[in-house]
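Please open the structure in a viewer and keep the selection tool at hand.

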Amino acid sequence: MEALARRKVSADDYVDILDFYARQMHVLDALNLEAYADTFTEDGAVDHAHRGERVEGRAAMMRSMEAALPRYRDVAVRHWFDHLLIEPAENGWHVVYYSLVTRTDAEGKVDFEPTFTVEDDLVRLGNGEIRTRLRVVHRDEPAGAGE
Amino acid sequence: MEALARRKVSADDYVDILDFYARQMHVLDALNLEAYADTFTEDGAVDHAHRGERVEGRAAMMRSMEAALPRYRDVAVRHWFDHLLIEPAENGWHVVYYSLVTRTDAEGKVDFEPTFTVEDDLVRLGNGEIRTRLRVVHRDEPAGAGE
Amino acid sequence: MEALARRKVSADDYVDILDFYARQMHVLDALNLEAYADTFTEDGAVDHAHRGERVEGRAAMMRSMEAALPRYRDVAVRHWFDHLLIEPAENGWHVVYYSLVTRTDAEGKVDFEPTFTVEDDLVRLGNGEIRTRLRVVHRDEPAGAGE
C-alpha cells in the first residue's frame, strides 16, 4: 500500500518553492535578465513546446531574452501563477502550474497573453538554494478538441 | 479566553488543501469530468446560489457538466483561486475563496467570466485524501447596494 | 557564513500571513471599511507612492476610503495577490507582493485596474494577531525605461 501512496512535499519545502518562484518572477518582470538567468542551473534549459524551440544554458537564455526585450520595454509585465502540483523528485521537485501574463501600458490599460501551463524541474543545491534545471512552457489549448 | 480564539489550520493541512485544489482544478480545466467528479464525496453537491440550482451526487454532477461542455470545447478554460479562508470543521474544513475564470480562444484572445466567491465543505477521508462534500458558488455582486 | 544567509519565514508564519491577507482582502472587497481599518495598527499608514499621497491613522484612512466609495458602489471589486516576498523584521515582516484588481459590473463584465506592487510592514501583536503598520502602493511602470 505504502508504495502506491503519492509522495508529498512538506510544508517547509512548499513554502520554499513559493518563495523561489516569487523571487524568480520579481526579477524576470523587472527585466533583470542576469538575475533571472541566475535562478537556473548553469545547464538550465527553457523549452517553448508550442513553438518547438529549446534554449539551453544561461548564455543562450540571455541572448534569447535580450532579443525579446523590445516587446516588453513599453509595458509593465507581470507573471501570475496558480495551482502548483509539486511532486518530489531526485534532488528536487517536478512542478506543474498555471501561468497568466498581464501587460499594463503607460496609460494603465491591462491586456493579457494567452494562458500557459508550465512544467519545471527544480533542484535543491548543496547550499540549500533552489534552481530551475528545465522549464517546459505549454500554451493552453482547448481541451475539447483532443478528447 | 481560549474558547474565543479562532481555531487555526496547520501549515501541513493548509498545503494539503492547496494541493487538493490544484489537482481538482487541473482535472476540471482539462475537461476530465470523471476525475473531477471523483474529487467529491459520493453524496457531494454543487449549489449555484445565484441561479438557485443545486446538483446532488456524482451522477447528477456528471450529467450537469456534460450538458455544459459545448460552451467549453473551443476555449482553454482556467480557474484561478485566491485568498482562501480556511476554518477547521468536523472531519475537515470550511473554506471560502475568490475565483476568476479565464477562457483563451484558439487565436490566444483571453476573456473573463464574472468573478465568484466559492464556499466549500471539505472532508478528510480515512485514507488521508481530501474530498469536497458541498460547494456553494456565489456570483460576486456590487457590495455597495446591500449596505 | 551564517550571518550572510537570508533569514527565512517559517511555514507556520507564511500560512498565518496568507490567512491575514485573505481576511484583510475579504473585508476590503466587501467595502466593510471599519473592519478593514481594524486590520491596521492604530498608527497605521497607507502611502500611494505614485500619487505622492500618504494617509496616517485609522481615522484618516476611514475618511479617505469613504471619499473613494462612490467609485466602487456599482461594481464587485476583488484584489488578487501573488508572489509574496516575505522577510522577517523586528516584531513582524516586510512583505512585497503583486496586486491585480478586478471590477465586475452588474452585467458580469470584468475590467482591470493597472497592476501594482505593494510593500507592507506587518507586525505580530502580543495576542498573536497580525496588523499592517505601513502599506506602500507602487503603480507598476514599464521596467525598460529606467534601465
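Helices and strands in this tour are DSSP runs, a helix being a run of H or I of at least four residues and a strand a run of E of at least two, numbered from the N terminus. The model is a predicted one.

**First stop: helix α1 of chain C**

Select N91(C) next. This residue is not a glycine, yet its phi is near 60°, a positive value. N91(C) belongs to the loop between β3 and β4 of chain C. With a relative accessible area of 54%, N91(C) is exposed.

Now turn to H83(B), another residue other than glycine with a positive phi, here near 55°. H83(B) sits in strand β3 of chain B, which covers residues 75-89. Is H83(B) buried or exposed? Its relative accessibility is 5%, and H83(B) therefore counts as buried.

Display chains A and B together. Contact involves 29 residues of chain A and 31 residues of chain B. Between them the two chains bury about 2,400 Å², of which 60% is on carbon and sulfur atoms. On the chain A side, select H83(A), L85(A) and Y98(A): these residues lose the most area to chain B, and together they account for 25% of what that side buries.

The interface of chain A and chain B holds three salt bridges by the rule applied. One of them pairs E87(A) with R23(B), with the closest N and O atoms 3.1 Å apart. Ten is also the number to look for in polar contacts: 10 residue pairs, both partners at pLDDT 80 or more, are counted between chain A and chain B.

Which elements of chain A each supply at least two residues of the side that touches chain B? They are α1 (11-29), β3 (75-89) and β4 (92-105). Strand β3(A) gives the most, with eight residues. Coloured by class, this side of chain A shows 15 nonpolar, five polar and nine charged residues.

The area buried between chain C and chain A is about 2,400 Å², with 59% of it on carbon and sulfur atoms. In chain C, the residues that lose the most area to chain A are H83(C), L85(C) and Y98(C), together 25% of what that side buries.

Three salt bridges are counted between chain C and chain A. Select D140(C) and R78(A), which form a salt bridge with their closest N and O atoms 3.0 Å apart. R78(A) lies in strand β3 of chain A and D140(C) in the segment after β7 (130-139) of chain C, so this pair joins two chains. Both ends are enclosed: R78(A) is buried, with a relative accessible area of 9%, and D140(C) is buried at 4%.

Side chains of opposite charge can pair when their charged atoms come close. Over all chains, the count comes to 48 salt bridges.

Within chain A, select E42(A) and R58(A), whose side chains meet in a salt bridge of 3.1 Å, N to O. This pair links distant parts of the chain, 16 residues apart: E42(A) is in strand β1 (residues 40-48) and R58(A) in helix α3 (residues 58-68). At 58% relative accessibility, E42(A) counts as exposed.

Finally, display chains B and C and select R23(C) and E87(B), which form a salt bridge with the closest N and O atoms 3.2 Å apart. The pair crosses between chains, from helix α1 of chain C to strand β3 of chain B. R23(C) counts as partly exposed at 24% relative accessibility, and E87(B) likewise at 26%. To close, select K8(A), D13(B), D16(B) and R124(B), which are joined into one network by salt bridges that share partners.

Notes: Residues numbered from 1 in each chain as written. Chains lettered and ligands numbered in written order. Predicted model: local features only at pLDDT ≥ 70, side-chain atom pairs only at ≥ 80, totals over all residues. Heavy atoms only, no water. Contact = heavy atoms within 4.5 Å. Buried area = accessible area lost by both parts, 1.4 Å probe. Salt bridge = Lys/Arg side-chain N within 4 Å of Asp/Glu carboxyl O. Polar contact = N/O pair within 3.5 Å; in protein donor to acceptor, adjacent residues only side chain to side chain. Nonpolar A, V, L, I, M, F, W, Y, C, P; charged D, E, K, R; others polar. Buried < 20%, exposed > 50% of the residue type's maximum accessible area, 1.4 Å probe, protein only.
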